[in-house]
Amino acid sequence: MRSEHLVLIILTSIIIVGLVGIPFGDPRFIPIAVLFEFLFVGLAILVSKNYVRPLYICIIFASLIIIGNTITTAHIHRMMTFVKPVNTIVLIIGGYILQCLLIYASAIAIMDKRRSLTASHY
């Protein structure tokens, strides 16, 4: 399996978890959540066209999401108390696990592309 396919699978998983989680979230943040969904869809389209820059954007965006989730006191409280179990599970899966996997898969895809470019020059 090409590493870009793994990135696409993870992006698709993030989109699905986001679509499932948006109705359970705070209504004040629905416009931001929808914007993030569109951003992930755009990244998936660009990655599927074998562009390299979206892989870097995936790493940056996933890192920002992890940082944002970590510094948000409501998220920390929710994860520590499991007040809203569905919301908490969506947050942990979509906001941490899949984001970490996206960073890893994107880094691997970038390294694979660099290797293939280097190998094609020889």
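The model is predicted, so local features need pLDDT of at least 70 and side-chain atom pairs count only at pLDDT 80 or more, while totals for chains, interfaces and linings use all residues. Residues are numbered from 1 along each chain as its sequence is written, and side-chain values use heavy atoms, with hydrogens and water left out.

**Confidence**
- The protein chain averages a pLDDT (the predictor's confidence in each residue, from 0 to 100) of 92, and 98% of the residues score at least 70.

**Helix α5**
- Helix α5 covers residues 85–120, which is 36 residues, and reaches 50 Å from its first C-alpha to its last. That is close to the 52 Å expected at 1.5 Å a residue, where the expected span is 1.5 Å times one less than the number of residues.
- There's a bend of about 30 degrees in α5 at Leu-98, taken as the angle between axes fitted to the seven residues ending there and the seven starting there.

**Aromatic rings**
- Searching the whole structure turns up two aromatic pairs; rings of Phe, Tyr and Trp (its six-membered ring) pair if their centres lie within 6.5 Å, with planes under 30 degrees apart counted as stacked, over 60 as edge-to-face and the rest as tilted.
- Phe-36 and Phe-61 pair edge-to-face, at 5.2 Å centre to centre and 85 degrees between the planes.
- Phe-36 sits in helix α2 (residues 30–48) and Phe-61 in helix α3 (residues 53–71), so this pair ties together parts 25 residues apart in sequence.
- Phe-61 is buried at 10% relative accessible area, whereas Phe-36 is partly exposed at 33%; buried means under 20%, exposed over 50% and partly exposed in between, with a 1.4 Å probe and protein chains only.
- Phe-40 and Phe-61 make a tilted pair, 4.9 Å centre to centre with 55 degrees between the planes.
- Ring pairs link Phe-36, Phe-40 and Phe-61 into a cluster.

**Nonpolar core**
- The largest nonpolar core has 22 residues, and Val-7, Leu-11, Phe-40 and Leu-102 have the most contacts inside it; such a core is a set of buried Ala, Val, Leu, Ile, Met, Phe, Trp, Tyr and Cys residues joined through side-chain atoms within 4.5 Å.
- The elements giving two or more residues to this core are α1 (3–21), α2, α3 and α5, and α1 gives the most, with seven residues.
- Phe-40 counts as buried at 3% relative accessibility.

Terms used. Helix = DSSP H or I, 4+ residues; strand = E, 2+ residues; numbered from the N terminus.
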